[in-house]
Amino acid sequence: MDYRNPSVSFFSILTIIFILCSIVIIPQISAVEYPINVWPKPTTFLWPNPIAILLAGNFTISAPNHRYLTPAVNRYLRQVLTEHHLPLVNPPLNLTSASQLNTLTVIVADVTSPLTHGVNESYTITIPYSGSTNAILTAETVWGAMRGLETFSQLVYSNPSRVASGLYISDVPLFVHRGIMLDTSRNYYGVNDLLRLIKAMSMNKLNVFHWHITDSHSFPIVLPSEPELAGKGAYGESMRYTVADVKNVVEFGMEYGVRVVPEIDMPAHTGSWAEAYPEIVTCANMFWWPAESQWPDRLASEPGTGQLNPLHPKTYQVVKNVVHDVATMFRDELYHAGADEVVPNCWKTDPSIQTFLSKNGTLSQILEIFVNTTLPYILSLNRTVVYWEDVLLDANIQVSPSILPPENVILQTWNNGPNNTKKIVDSGYRVIVSSSDYYYLDCGHGDFIGNNSKYNQPPGSPQDDGGSWCGPFKTWQTIYNYDITYGLNEAESKLVLGGEVALWSEQADSTVMDPRIWPRASAMGEALWSGNRDEMGNSRYAEATDRLNEWRYRMVTRGIYAEPIQPLWCVKNPGMCNTVH
Amino acid sequence: MDYRNPSFSFFSILTIIFILCSIIIIPQISAVEYPINVWPKPTTFLWPNPIAILLAGNFTISAPNHRYLTPAVNRYLRQVLTEHHLPLVNPPLNLTSASQLNTLTVIVADVTSQLTHGVNESYTITIPSSGSTNAILTAETVWGAIRGLETFSQLVYSNPSRVASGLYISDVPLFVHRGIMLDTSRNYYGVNDLLRLIKAMSMNKLNVFHWHITDSHSFPIVLPSEPELAGKGAYGESMRYTVADVKNVVEFGMEYGVRVVPEIDMPAHTGSWAEAYPEIVTCANMFWWPAESQWPDRLASEPGTGQLNPLHPKTYQVVKNVVHDVATMFRDELYHAGADEVVPNCWKTDPSIQTFLSKNGTLSQILEIFVNTTLPYILSLNRTVVYWEDVLLDANIQVSPSILPPENVILQTWNNGPNNTKKIVDSGYRVIVSSSDYYYLDCGHGDFIGNNSQYNQPPGTPQDDGGSWCGPFKTWQTIYNYDITYGLNEAESKLVLGGEVALWSEQADSTVMDPRIWPRASAMGEALWSGNQDEMGNSRYAEATDRLNEWRYRMVTRGIYAEPIQPLWCVKNPGMCNAVH
């Protein structure tokens, strides 16, 4: 069919006009709580007379043919016809006696836009409540269309399926980068876990899966040019990601509108490389923090030592192969090259580095050698590089900003809350926010270090943060309320691309992945999509509670084991679980 | 067969002598770490020459016929033949060339002992290293035999199945009451969740499932004499426990050697009763903490108000029916009657109570009326009553010890760490320890109260305990190291029956049950079974780490989603993840 049929647009305009007219008549509408909600809350949601309409038994979604949009359309069609979601609180919605909804017509302005950083994700939805049996979804790109399909699916409920009708939604995200970082090195996650993660991200309109693939603990990804890295560095044969696995994950992401950004952390966090190439890794397999040494003299910031040796020529041979393979397997323009937590004493264990230092060289010069040599490998493959902020802001070992071109380099912040965000943008770099004070999902859950006497104090001793370096636990409210542009002016804020919640896996694996991530990542999802404030600029965490509760429940019924945020009683008794103090 | 065949005993003695002789030759043996471990660590585990022997393909377990032991034997036989567990660290164990193990013979001294509070759970296991193809398990009771079968199953590994051999185990718990409390009122758990919980408890030699069935939020248990309580008070038709469900849970517990102790909390925490009987509940469905009132003036300690009215005659008619039904459905001699957190202002909303108070009556007198009337209902059914400590120790409303006969009443402590434990035993009562400072599994995970501005402070504001009243998170180490008889003399310690970790369900349900409970409940399990110190009286949390890590992994392969405590790397590199500071 001609998906730009002008008659469709004509109808659409009529409906919007009708809805807008209703709004003029009922001016207080924007403050009304709706009986059906979408998570994250759309930017504009106009629903002057909340009613529902039945979905026709032969309901269809018509959309342009597209390699990735078409599977999404098929998936959402199946979902709206079979999900039959029953909300916790039955929506007080009358069913219109008008005819059923027959079609959702998806109109995409530019079907050729690839899924890139900053791609247009806006869309509009118009669902008529009388006079027509067609709903319209318009979007600039197929990726925006996918966001709109998710929204449409959340408006459908009950058995037989009903859909909210007589409404107009216009939606566009505040931030272009809305991600989740998952560490698959400290503990392994199966490919099915990663696919389920992507699926849940798409439900929450998150668009970047930052895959922290390797670290000192294991090297799970099989690289064709360097098969020994996983061959010897993975936890075991059943705990590797093959080329086919990666392709599966990346393609799955495309069908869900989720980009997959790989991270191969280096030069620190590379102990696992030493299983295949001991000669290029300094201090590998040494005890992380020797007795009687001070914290600055540690060999790593946690157990699992090893840093690539920038002075060993073989290092670059391996790194070049790794970068080439990874950039081939992952098509995204962003490539995360790590560069966090380079620890002085690890490098100092190496004789060649000792010689370099004895000739008045510095550790920062060594890191500059590494970055200067390896950054071109990545840039030459038309990638934008993401580094952790440490590469610039570490107190002991850092490079000069002159070797990090801001047009090609993005920094990801994790320390020091809004202060480091500001430092980074004030240095002219774009920034991705993963403040450990707000966005680290592993915090507040104890620690994994063995033989630690701090848990064996006499009763009455303060338990402090329970052993977690970044405790307490970051609640969904803490995450929801964090303003990632806090303290920045408008120009500075423009360099803030977005944020990522991060799940480091010292104490996580597939047994806890879902509840550790959801619904807390949903909280970030809404904050970065449409914000954490209402139209009046007031914090909306209070009204978000019931909506998130319903949404968490719906995620569970969709197969995502999101953790509960309240007793069920609270959802069924709105307002009764609040505090007014 | 005659399971007391003297020739078995004769062989058994010979084997023990042989093993003991070996120990004299190798006197340092007790400090040796074994390649295969049992969780919780047995009291006595002698294995002078660690080797393994194949389990014969036609391996059998011979045991006396018994209603509950026989299903356990069949279950464990299937398990040792099919589990084929592969430890994370391959045990450095030679396989003996001697013949295979053909039989485990289970010898029970008294097959008639019931599964009661304090039943003898001791057992011994002898697995020969050569010269015989029979292993022997002796126990005083079938419940001890079930504990021994679990131990035996943990000694079996690999494919084809091998078993540790040439060893002697003699095992007996330090504390008779080792439990888990689960709250099924604030959020619902399916029967399958409860069965899986019992299964995992048995793996960890925990013996009491304390089922906090009802609270203010929902009343999920269907009682034949009072069907309206669940009919109107449950969250929904699919969220109830029927009589058949309860029977299923209780019988399942018997087959796993786990007692099920029901708790119907009263007189507070009864808001859900008001759906069926509004007239007997004071302050039901009122806002929990009215604006502009102080904390002492709250109506409940959390959202969900309602307390039974001890001055209303109908209250006792309902309570009597409830007690009768619950005592009929649950056969255990312990009956938990709640009695925590009676809040003054809830009762004060009621006119009859106001009148009573105006005539110089006190709230404590009202509680005494309630306890004096309802305690006999329970005692008359030959039950021992467990109350939360509040009934005696609450600062505002409490009863005189004179109405709580110590021979019939056990108190469960949750406040104030070891201080309240001591207060209780010094008052002559037996005590079950659930200190919220150590044993509350829900702590450190934020809070569920809506509209709370404490999560919306400017960056840099201390996050304190992240909103959790009992934060931080109680790590497995914190739980493992707690000495529940801290500060008590020997006579006082005798009144400490044991402990229970508790999962309150404001922010928990089936999506997170397994990882919230395991392996932290395993940590308590070992501390209460064989202690948290080694033979020299030193804390053994350090060496427990690797053992717990292996055990957690085995629980996962057995279908229990226990959370990881370390990167897998740590298990594979023993000692490398420790602290030496």
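Between chain B and chain A, 45 residue pairs are in polar contact, both residues being at pLDDT 80 or more. A polar contact denotes a pair of N or O atoms within 3.5 Å; within protein, one must be able to donate a hydrogen and the other to accept it, and residues adjacent in sequence count only if both atoms are side-chain atoms. The structure is a predicted model, in which local features need pLDDT of at least 70 and side-chain atom pairs count only at pLDDT 80 or more, whereas totals for chains, interfaces and linings use all residues. Residues are numbered from 1 along each chain as its sequence is written, chains are lettered from A and ligands numbered from 1 in the order in which they are written, and side-chain values use heavy atoms, with hydrogens and water left out.

On the side of chain B that touches chain A, the elements giving two or more residues are helix 13 (476-481), helix 15 (513-517), helix 17 (541-557) and helix 18 (568-572) of chain B. Helices (H or I, at least four residues) and strands (E, at least two) are DSSP runs, numbered from the N terminus. Helix 17 of chain B gives the most to this side, with five residues. The residues of this side of chain B comprise 38 nonpolar, 29 polar and 13 charged; Ala, Val, Leu, Ile, Met, Phe, Trp, Tyr, Cys and Pro count as nonpolar, Asp, Glu, Lys and Arg as charged, and the others, Gly among them, as polar.

The contact (heavy atoms within 4.5 Å) involves 80 residues from chain B and 80 residues from chain A. About 6,700 Å² is buried between the two chains, 57% of it on carbon and sulfur atoms; buried area is the accessible area (1.4 Å probe) that two parts lose on being put together, summed over both. Asn451(B), Trp569(B) and His581(B) supply 10% of the area that chain B buries against chain A, more than any other three residues. Four salt bridges are counted between chain B and chain A, a salt bridge being a side-chain nitrogen of Lys or Arg within 4 Å of a carboxyl oxygen of Asp or Glu. Arg516(B) and Glu563(A) are joined through their side chains in a salt bridge, at 3.2 Å from N to O.

Within chain A, Thr384(A) belongs to strand 16 (residues 384-388). Thr384(A) has a relative accessible area of 12% and is therefore buried, the term buried meaning under 20% (1.4 Å probe, protein chains only).

Conventions. Buried < 20%, exposed > 50% of the residue type's maximum accessible area, 1.4 Å probe, protein only.
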